[in-house]
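Work through each task before reading its solution.

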Amino acid sequence: MNIIDDLEWRGAINQMTDEEGLRALTNEKAVSLYCGVDPTGDSMHIGHLIPFMILRRFQLAGHKPVILIGGATGSIGDPSGRTSERVLQSMEQVQHNVEKLTAQMKKLFFTTDEDQATLRLVNNYDWTKDLSLLDFLRDYGKHFNLNTMLAKDVVASRLEVGISFTEFSYQILQSMDFLHLFKTEDVQVQIGGADQWGNITSGLELIRKVEGAESRAYGLTIPLMLKSDGTKFGKSAGGAVWLDPEKTTPYEFYQFWLNQDDRDVIKYIKYFTFLDREEIEALEEKVATEPHKREAQIRLAEEVTRFVHGEKALEDAKKITNALFTGNVQQLTADEIEQGFKNMPTFESSKEPQNLATWLVDLGIEPSRRQSREDIQNGAISINGEKVTDLEFEWTKEQSFEERFVIVRRGKKKYFLVVLK
């Protein structure tokens with residue numbers, strides 16, 4: 001199957017500049033193509049991941065991807081998708097973010113010897129840092145018509161509220177990237193989100209003006225991803241779902257995918273996994289006939305967590321999930337508790353021994369001593385997975401996880417984390 005046919009089946013194409021030409025190109029040779037990300041933060045989130053998954057599919061189909069980190073473009077800010085001006089970051093912060101994103105890209109996409117041979121990672125700061133203002137204006141600015149630039153959606157949408165020359169010039173810088181990679185890496189295709197259409201077509205125009213009207217270069221964008229309820233994909237209760245395990249733990253990451261709606265899960269499997277068509281259609285049948293088993297959600301969570309965080313992190317996430325579902329938290333380590341209980345109600349306690357009924361009230365887990373004693377007598381209180389019914393029970397630090405945490409459960413599902421100081 002041609003890579004374009006596969007992407008269309010997955011619902012992963014929004015626009016192509018020349019579908020017939022791109023199909024012909026991908027049929028006749030291994031194509032070099034690129035996708036970029038600006039270092040606006042020190043981690044990507046799952047929304048950033050979408051176009052790079054498409055890039056990976058091209059690689060698996062035998063093509064030659066180039067990953068671009070925008071050290072230059074990230075220093076001025078892309079106006080796409082924004083209604084107001086960005087606050088510029090210091091160059092030191094931009095460089096820090098470049099280093100963090102580079103490490104993430106290497107972890108995700110440079111995992112085998114074959115990856116090292118077929119993938120390229122570049123930074124557009126490298127070919128812009130020595131460019132003088134006069135050279136920029138003479139060699140590049142002369143090729144951009146002001147009326148055409150103003151007509152681009154990303155600029156036109158900002159004219160009422162205003163746009164700085166800095167952000168206005170962003171499309172020139174990104175066009176320069178496409179031209180540079182076309183000349184030095186034989187890159188003929190740029191991939192981006194739906195909001196990058198104007199920037200991509202500007203790059204194509206620049207290539208044809210500089211390299212000739214017959215130059216074979218193409219653009220492809222992916223759709224804006226929305227959930228079935230019409231809201232934007234990629235957010236959880238705690239905000240963005242980050243690829244950095246320090247920002248979004250592998251357990252939280254796994255849970256995000258595990259909790260997807262039946263109406264969305266197959267769409268996400270098509271986008272975010274490398275399962276083949278037969279496997280995906282079998283899972284789609286499971287969603288229709290046995291939705292209560294949530295087999296598609298489990299497979300989605302496993303595949304994406306393994307890809308982003310690795311096998312060990314996936315197994316840890318599954319272990320924490322199982323422990324919380326069954327109540328058998330004794331099997332967890334302190335580090336796993338820290339990960340799995342990150343967003344649970346949290347309290348602090350000294351390590352001094354205390355009567356359980358009194359301790360629960362002092363912490364704020366129970367509203368009164370009467371309620372605390374009643375819950376203990378009724379078997380509603382568990383400490384570290386062990387039910388306690390003795391009103392004289394005294395909690396000690398020896399019953400904690402590595403003298404760091406105590407897990408209190410009230411009823412069947414209400415968990416509290418006590419941090420020992």
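**Exercise 1.** Describe how helix H13 packs against H15.

Solution. The model is a predicted one.
- Step 1: H13 spans residues 262-272, and its axis makes an angle of about 35 degrees with that of H15, the two axes being 10 Å apart.
- Step 2: In handedness, the crossing of H13 past H15 is left-handed.
- Step 3: H13 contributes Asp262, Val265, Ile266, Tyr268, Ile269 and Phe272 to the contact, and H15 contributes Ala296, Gln297, Leu300 and Val304.
- Step 4: Sorted by class, the contact of H13 with H15 holds 8 nonpolar, 1 polar and 1 charged residues.

**Exercise 2.** Determine whether H15 and H16 are parallel, antiparallel, perpendicular or oblique to each other, then list the residues where they meet.

Solution. 
- Step 1: Two packed helices are described by an angle and a distance, both taken between their axes.
- Step 2: For H15 (residues 295-309) and H16 (residues 311-326), the angle is about 135 degrees and the axes lie 7 Å apart.
- Step 3: Angles over 145 degrees count as roughly antiparallel and those from 65 to 115 as roughly perpendicular; H15 and H16 are therefore oblique to each other.
- Step 4: The crossing of H15 past H16 is right-handed.
- Step 5: On the H15 side the contact uses Ala301, Glu302, Thr305, Arg306 and His309, which meet Glu311, Ala313, Leu314 and Lys318 of H16.
- Step 6: The residues in this contact of H15 with H16 comprise 3 nonpolar, 2 polar and 4 charged.

**Exercise 3.** Locate Tyr140 and identify its contacts beyond its neighbours within four places in sequence.

Solution. 
- Step 1: Tyr140 sits in the loop that runs between helix H6 (133-139) and helix H7 (146-151).
- Step 2: With neighbours within four places in sequence set aside, the contacts of Tyr140 are Leu131, Asp135, Ile172, Met176, Leu179 and Leu206.
- Step 3: Ser175 is 35 residues from Tyr140 along the chain, and their C-alpha atoms are 9.1 Å apart.

**Exercise 4.** State the domain division and the separation of the centres of domain 2 and domain 3.

Solution. 
- Step 1: The division gives domain 1 (3-222), domain 2 (235-326) and domain 3 (346-420).
- Step 2: Taken over C-alpha atoms, the centres of domain 2 and domain 3 are 33 Å apart.

Notes: Residues are numbered from 1 along each chain as its sequence is written. This is a predicted model: local features need pLDDT of at least 70, side-chain atom pairs count only at pLDDT 80 or more; totals for chains, interfaces and linings use all residues. Side-chain values use heavy atoms; hydrogens and water are left out. Axes are lines fitted to C-alpha atoms, for helices over the stretch in contact, and angles run from 0 to 180 degrees between N-to-C directions. Helices (H or I, at least four residues) and strands (E, at least two) are DSSP runs, numbered from the N terminus. Angles under 35 degrees count as roughly parallel, over 145 as roughly antiparallel, 65 to 115 as roughly perpendicular and the rest as oblique. A crossing is left-handed if the near helix is turned anticlockwise from the far one by less than a right angle, and right-handed if clockwise. Contact means heavy atoms within 4.5 Å. Ala, Val, Leu, Ile, Met, Phe, Trp, Tyr, Cys and Pro count as nonpolar, Asp, Glu, Lys and Arg as charged, and the others, Gly among them, as polar. Domain bounds come from an automatic or database domain assignment.
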